[in-house]
Amino acid sequence: MNANRIATGALLAGVLALALFPLFAEKFYVQLLAKIMIMAIFAMSLNLLLGYTGLVSFGHAAFFGASGYALALLTPQYHAANFWTSLPLAVAASALLALVIGFFVVRTRGIYFIMVTLAFAQMLFFLFFDTKIAGGSDGIYIDMRPVAKIGDWQVFRLDDFVHVYYLVLVFLGLTYVLLRMILRSLFGRVLAGIRVNEHRMRSLGYPSFRYKLACFVIAGAIAGVAGYLSAVQFGVVNPEMLGWHLSAAVMMMVILGGMGTLLGPAIGAAIWMLLELGFQSLPQALGVDFGKHWQLFMGGFIVLATLLLPNGLISVADLLRGRGKATRG
Amino acid sequence: MADAAILRTQGLTRRFGGLVAVRDVSLECRMSEVHAVIGPNGAGKTTLINLLSGDLEPTAGTVVLGDADITGLASYRISKLGVGRSYQKTNVFLPFTAFENCRLAAQSRLASSMRFFRPALTDREVNAAAERALAAVGLEGRGSTPVAELSHGEQRQVEIAMALATRPRLLLLDEPLAGMGAEESARIVALLKGLAAEHAILLVEHDMDAVFAVADVLTVMVSGMVLESGTPGQIRSSGAVQEAYLGSDDAE
């Protein structure tokens, strides 16, 4: 009980700090934190598959990029898209894509699941990379950010970095609440059962394929929210948003932060992005450009972290509480 | 015993490559009847149950449940039609509590679990069904313990409780007593006698005392085939059975 109260207190303090951050921080840091929160939403969506259902999807960027591209394609030339319609449409595009891909991949298991999710995502990557659709390999700019108006009242401005920050924060909160509710629901318990023992779930009367597919679609849709926000923040989409580098990075964030915990992936996303920035800005010394070889340091950190904290960085909190094991749904 | 059979197999056969694990098995299970299948190791008893539960597809033959041909149906469909099974090798959700194992089993009887916002733990009927199943196998008070921390015998009890929590008409029990102590065994034997009133039970079991205590009908399998089928009395006095099984087998 006491530990729960501390956790709730820490969560509220964190939310308050995030809410107040733009009042004190410079533009660069506000944008950085917004970017981190977008990746946190993305990582939390993958965690629904990876941590809670045991589906190791190696193509999750497909759904992130799909909604970004959907926004770009929904944005008329020289005009702005409508936020209220483009967001649901972009997310629906990701969900639909997840439904189609999921229909095929969810039948496979283990290593094959990893391979086919990767293959589908790479097909999408090359569809945009090798053709002239939406600017080909260069990507496409979204010059005019979506407009969020009710009547004549402009509710918020997506070309204002502070407004974007708060919009992202709201969606991070919504994602947290949504996932929390789903995990406690009848559906959520079925996912947990599938993760632990799918065979027994089937013999108990659960058509596991349908539940895994539904989970795949939900995860794809939430990734779509993140992708839309990312396209809004940067005003550009390119094939990298769909590529396997991003799929791998978001998987690392989830594993680093703590699979199967609600906030672990968000922490993983923050640590990952801050380290990436930190290692990239390492100075030149002894004739070696350390910053250029940042991935070497990142790799070393991942190895250390996974060896020392196999349950993810979030398990530090449990260690401090003297429990030694990360709690899992 | 006058009831019509709720399960009937005809010429049920399963091959694994060159091996015929189950060959031309025809048997019936009736309501309020315990039908025990016995036979030496490797006789095909577990394969038979797998064919009935949908864990395996038959190579040939039919399985009819009530009026429905369920041959080759997926296990979740067969489960939904009122067939519950337990596994010889404990097949549960080890990280979950005993209660959650049974609750998940009971939840499967809801029309659908595609309920994304309805909290799982507040469904009174499902909770009650899970509690009843735990109590039936003698695990009341152990519900909040993770199954991984239960003794082997208790895990076997959870295995049976899960099958019960799905409220089946037909129970397929694959060596429910294996690994249980004497006291637990006696309890489960008593439970089976009680369950027999309202269920059809197909029981695979090596414990002959238990088998002869609960079985109404016995089928003896050897090398995938039915050697003999009849009342316990008939089986006990069958020369063929004596020779092939009862006399020579003292394994387990």
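This is a predicted model: local features need pLDDT of at least 70, side-chain atom pairs count only at pLDDT 80 or more; totals for chains, interfaces and linings use all residues.

Tutor: Two strands count as paired if DSSP finds at least two bridges between them. Residues are numbered from 1 along each chain as its sequence is written, and chains are lettered from A and ligands numbered from 1 in the order in which they are written.

Student: In which sense do strand S8 and strand S9 of chain B pair, and over how many bridges?

Tutor: In general, strands of a sheet pair through backbone hydrogen bonds, either parallel or antiparallel. Here strand S8 (residues 170-174) and strand S9 (residues 200-204) of chain B run in the parallel sense, with 5 bridges between them. Within that pair, Leu173(B) has Leu203(B) of S9(B) as its bridge partner.

Student: In what order do the strands of the open sheet in chain B follow one another?

Tutor: The order is S7-S8-S9-S4-S10-S11, which gives 6 strands with mixed pairing. Its edges are strand S7 (83-86) and strand S11 (225-230) of chain B, each of which pairs on one side only. From one strand to the next, the twist averages 15°. Angles run from 0 to 180 degrees between N-to-C directions, and axes are lines fitted to C-alpha atoms, for helices over the stretch in contact. Helix H1 (residues 45-53) of chain B lies across strand S4 (33-38), S7, S8, S9 and strand S10 (217-222), and runs at about 150° to S8(B).

Student: What sense of pairing do strands S2 and S3 of chain A show?

Tutor: Strand S2 (residues 147-150) and strand S3 (residues 153-157) of chain A pair in the antiparallel sense, over 4 bridges. Val147(A) is bridged to Arg157(A) of S3(A). The hairpin has 2 residues between its strands, and Gly151(A) takes a positive phi near 65° there.

Student: At what angle do helices H2 and H6 of chain A pack?

Tutor: Two packed helices are described by the angle between their axes and the distance between the axes. Helix H2 (residues 27-50) of chain A and H6(A) pack at about 25°, with their axes 9 Å apart. H2(A) is therefore roughly parallel to H6(A); angles under 35 degrees count as roughly parallel, over 145 as roughly antiparallel, 65 to 115 as roughly perpendicular and the rest as oblique. The crossing of H2(A) and H6(A) is left-handed, a term used if the near helix is turned anticlockwise from the far one by less than a right angle, with right-handed used if clockwise. Residues are in contact if their C-beta atoms, placed from the backbone, lie within 7 Å. Among those joining the two helices are Val30(A), Met37(A) and Ile41(A) of H2(A), and Tyr165(A), Leu169(A) and Leu172(A) of H6(A). By class, the contact of H2(A) with H6(A) has 18 nonpolar, 2 polar and 1 charged residues. Ala, Val, Leu, Ile, Met, Phe, Trp, Tyr, Cys and Pro count as nonpolar, Asp, Glu, Lys and Arg as charged, and the others, Gly among them, as polar.

Student: How do the axes of helices H3 and H5 of chain A cross?

Tutor: The axes of helix H3 (residues 61-74) and helix H5 (residues 110-129) of chain A come within 9 Å and cross at roughly 30°. The two helices, H3(A) and H5(A), are therefore roughly parallel to each other, and their crossing is left-handed. Ala61(A), Ala62(A) and Tyr69(A) of H3(A) meet Phe120(A), Ala121(A), Leu124(A) and Phe128(A) of H5(A). The contact of H3(A) with H5(A) has 7 nonpolar, no polar and no charged residues.

Student: Is the crossing of H4(A) and H8(A) left-handed or right-handed?

Tutor: The crossing of H4(A) and H8(A) is right-handed. The axes of helix H4 (residues 83-105) and helix H8 (residues 208-234) of chain A come within 8 Å and cross at roughly 145°.

Student: Into which domains is chain B divided?

Tutor: Domain bounds come from an automatic or database domain assignment. Chain B is divided into domain 1 (1-82 + 168-252) and domain 2 (92-167). Taken over C-alpha atoms, their centres are 25 Å apart. The contact takes 13 residues from domain 1 of chain B and 12 residues from domain 2 of chain B.

Student: How many residues does the contact take from chain A and from chain B?

Tutor: The contact takes 20 residues from chain A and 26 residues from chain B. On the side of chain A that touches chain B, helix H6 (161-184) and helix H7 (186-203) of chain A each supply at least two residues. H7(A) gives the most to that side, with 11 residues.
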